[in-house]
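Let's take a walk through this model together. Keep the viewer open as you read.

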Amino acid sequence: MIKRTFGTLAVLAAIGFAIVGCGDSGSSKTTEGSNTGSGGGNGKDLDVVSFSGGYGIDFFEKAAKEYEAKHPGVHIAVSGSPRSWEQLRPRFANGTPPGLTWPGWDMDYWALIYDNQVLPLDDALATPAYDGKGTWKDTFEPSMLKLGQYDGKQYELPYHYNVLGWWYDPGVFAKHGWTVPKSFNDLLALCPKIKAAGIAPITYQGKYPAYMIQGFLFPWAGSVGGIQALDDAQSLKPGAWKSPGFLKAAQMIKQLKDAGFFEDGANGIDHTESQMEFLEGKAAMIPCGTWLFSEMSKTMPPGAKMAYMLPPVADGGLGDPSMIQIGIEPWIVPTKGANHDLAIDFYKYMTSLEKAKQFVEEKGTLMAIKGSDQAKLPDHLLEPARLFRASKTVYAIEFDQWYSTLGKEVKDAMTGLLNGSVTPEEFVQRCEDAAQKIRDDKSKPVHVMTR
């Protein structure tokens, strides 16, 4: 069994964020790989390929121009696509990957790591930060770095990150005198009042069941059984997927469905459709990450507002009520890419506190750099940032990235649970059976989450 270091995720309530100043210098050499990399290069040119989603690539293009101005003779070419992974797969296959890349959500990072196609960055992280104050490693939130480690080494580096949870319109709640539910019993008491007002209590992105796994299943399994229940399931511990925590979470989902508290037809709509239903006031709450505002900002109805809330906790559960779920958007330095040192130093510049704060303010998201939340946060990020700082337990859902067949089976079973074709007992058994198939396949590396 291959052990993937996850470590104890930060107890953030009592730890302040260090604010690190920025300067113009700080280029540093690293000992990992060669200056040129296997792909050759003259040490002055860097090819950067980025996923171009809701945040675009303009920020990285501007950063490249700034870096070039600070380092005469350097040329950085930044390109991107909404389906960047499709362009990158053949480049990795033929040994000509870019020097630095954020491949996007549909790239199998872990297959690249297993195949030694990603440069370990531990030595680079031990070098000075871009401003020369402390090590580069010390500028990152530790809980974010943990998500990019495998077999004791750091392969992925975080940039911006998402906080996952639920959203509601504070104006609608205030108009009706509703209180944000803190517990599942609070939710059960509130939902009939919402229905009486002619509004669906909860909608969801039915065509993409990952949203419900993130928004319903894992928060409630962790609330019932504690963080160990989640770690055991992701570590493929025998019986973990049908543990009391996961079974109870599935039963809670069914209870909401049977009570009519989910929006009719939600199973058949996609993410933007369901999110528009929420923004138009047809549903009171929706699970989603902090990308919601950016994704919907261009089509948001006048007067619509959104505010973040933690998923209501299970009454009497073992879990930490401050537990919060995150996800990172990782960058990597390909082993066969050209000019490793330049790639690393440019990424140092992009993750400097100054640039991190700029990204927060320009793109409306949170950054994995300590102190970046001291930027002027948009209103919709104030509560997620506060709750992240206050949380004693931070976790991420990674099993579907590690094990695609398990991910697909859990998603399919979730769809069945929500449409009523699968019982809670059948749901957890299907998940456990899929996990067993991976345990039985000795050719697959197994990740173990430790704290």
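Predicted model: local features only at pLDDT ≥ 70, side-chain atom pairs only at ≥ 80, totals over all residues.

Here is a short tour, from confidence to an aromatic pair to helix packing.

The chain's mean pLDDT is 90, with 90% of the residues at 70 or more. Keep an eye on residues 1–40, though: the pLDDT there is below 50, and the stretch has 132 contacts in the model beyond near neighbours in sequence.

Next, the aromatics. The structure holds 40 aromatic pairs. One of them joins tyrosine 168 and phenylalanine 173, whose ring centres sit 4.9 Å apart with 55° between the planes, a tilted arrangement. Look for both tyrosine 168 and phenylalanine 173 among the buried residues.

Now for the helices. Helix 1, residues 58–70, packs on helix 14, residues 353–363, at an angle of about 150°, and their axes are 11 Å apart. Angles over 145 degrees count as roughly antiparallel, so that is what helix 1 is to helix 14. The crossing is right-handed. On the helix 1 side, Asp58, Phe59, Phe60, Ala63 and Glu66 make the contact, meeting Lys355, Gln358, Phe359, Glu362 and Lys363 of helix 14.

How values were computed:
Residues numbered from 1 in each chain as written. Heavy atoms only, no water. pLDDT = per-residue confidence, 0-100. Contact = heavy atoms within 4.5 Å. Phe/Tyr/Trp six-rings, centres within 6.5 Å; stacked < 30°, edge-to-face > 60°. Buried < 20%, exposed > 50% of the residue type's maximum accessible area, 1.4 Å probe, protein only. Axes fitted to C-alpha atoms, helices over the stretch in contact; angles between N-to-C directions. Helix = DSSP H or I, 4+ residues; strand = E, 2+ residues; numbered from the N terminus. Parallel < 35°, antiparallel > 145°, perpendicular 65-115°, else oblique. Left-handed = near helix turned anticlockwise from the far one by under 90°.
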